[in-house]
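Hello,

Here is the structure I promised to pass on to you. Have a look at it first, and my notes follow below.

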Amino acid sequence: MSATSPGVPTRPCHAVFFGGCVPASRQEERLAYDIGATLAGQGLTLLHGGYNGLMEHAAHGAVESGGSVVAVTLAGTAWGAFNPHVTTVTHQPTMGARMHTYLDHASVIVSMAGGVGTLHELTAALWYAGNIRPVPVVVAGPTARRLLAFLRDERWVYSSPTRPLDFLHEVDSAADLIPVLDRDESRSPAW
C-alpha cells in the first residue's frame, strides 16, 4: 500500500487555534487576526472553539485571507452564538472527542492568552505533542509566553531525554509562524 491515496492530503491541513474570549490587549487581538490570516494563507483550515474574543479575531483573519473556519464544540452545550466567520460547525459528544478532533489531524497548534478553557487546551496539546505525535505547538503573544515561562520555571514543562520539547515554539508575530510551518512540514505524518 502506498503512503498516500489519490485525493488524500500528504500532510494534515488543519491549524488549531486556542485563545480566550477576553483578549488581554488590542495588540493580542491584532496578533490573533494576523495569525488567522497567515495560517489561511498557507492553505490551512482553521479549527477553533467558534466563539468570540481571540477566536473571533483569528477567524476573521482566516476568512479575509480566503480560508475556512471550523467551530469545534460540544453537543448539547449552549455557550452562545458562534462568531460570524465560522463556515462549518462540528458538535462532538464529549470533551475527549472534542480534543481529539483538534489534535489528531492538526498540522500546527497555536495558543494565545485565555482562561481556564484555553489553559486546558494548551496543556492537552503539550501532552499530546510530547507523547502521541510531535505536532508543532506554538505559543504566541506576551500573555501566553509569560504563562509558558511560569510553567517552565516551576518545572511543569521541561525537556528530558525521553520527552524532548522540540515541538514547542514561541512567536511574537504571525510572520514568525512561516519558518515553524516550513521546518515541521516534513515531520507531519501522512494520513
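**What I found**

D34 has its place in helix α1; helices here are DSSP runs of H or I with at least four residues, strands are E runs of at least two, and both are numbered from the N terminus. Please keep in mind that this is a predicted model, in which local features need pLDDT of at least 70 and side-chain atom pairs count only at pLDDT 80 or more, while totals for chains, interfaces and linings use all residues. Residues are numbered from 1 along each chain as its sequence is written, and side-chain values use heavy atoms, with hydrogens and water left out.

**Helix α1**

At 25% relative accessibility, D34 counts as partly exposed; buried means under 20% relative accessible area, exposed over 50%, and partly exposed in between, with a 1.4 Å probe and protein chains only. Its C-alpha lies 8.3 Å from that of A62, although 28 residues separate D34 and A62 in sequence.

E29 also belongs to α1, and is buried at a relative accessible area of 15%. Leaving aside residues up to four places away in sequence, E29 touches P23, L54 and H57, where contact means heavy atoms within 4.5 Å. Other buried residues of the helix include L31, Y33, I35 and L39.

The length of α1 works out well: its 16 residues should span 22 Å at 1.5 Å a residue, and the end C-alpha atoms are 22 Å apart, which agrees. The expected span is 1.5 Å times one less than the number of residues. After the helix comes G43, with a positive phi near 80°.

**The cores**

The largest nonpolar core has 27 residues, and F17, I35, L39, L46, V108, V110 and M112 have the most contacts inside it. Such a core is a set of buried Ala, Val, Leu, Ile, Met, Phe, Trp, Tyr and Cys residues joined through side-chain atoms within 4.5 Å. Two or more residues each come from β1 (14–18), α1 (26–41), α2 (54–64), β3 (69–74), β5 (106–111), β6 (137–140) and α6 (177–184). The largest share, 5 residues, is given by α1. Apart from this core lies another, of 25 residues, with L47, L126, A129 and A144 among them.

**Strand β5 and its neighbours**

How many residues of β5 are buried? The count is 6 of the 6, so β5 is largely enclosed by the rest of the structure. Strands β1 and β5 run parallel, joined by 5 bridges; two strands pair if DSSP finds at least two bridges between them. F17 has V110 as its bridge partner in β5. On to β6: the pairing with β5 is parallel too, over 3 bridges, and V110 stands opposite V138 there. Between β5 and β6 the chain passes through helix α4 (residues 116–131) in a right-handed β-α-β crossover, meaning that with the strands pointing away from the viewer, the path from the first strand over the helix to the second runs clockwise. Among the residues that V110 touches, not counting those up to four places away in sequence, are I35, L39 and L177.

R155 has a positive phi of about 65° although it is not a glycine. R155 sits in the loop between α5 (142–153) and β7 (168–171), and is exposed at 54% relative accessibility.

The structure holds 0 disulfides, a disulfide being a pair of cysteine sulfur atoms within 2.5 Å. C13 is partly exposed at 26% relative accessibility, and C21 is partly exposed with a relative accessible area of 42%.

Best wishes
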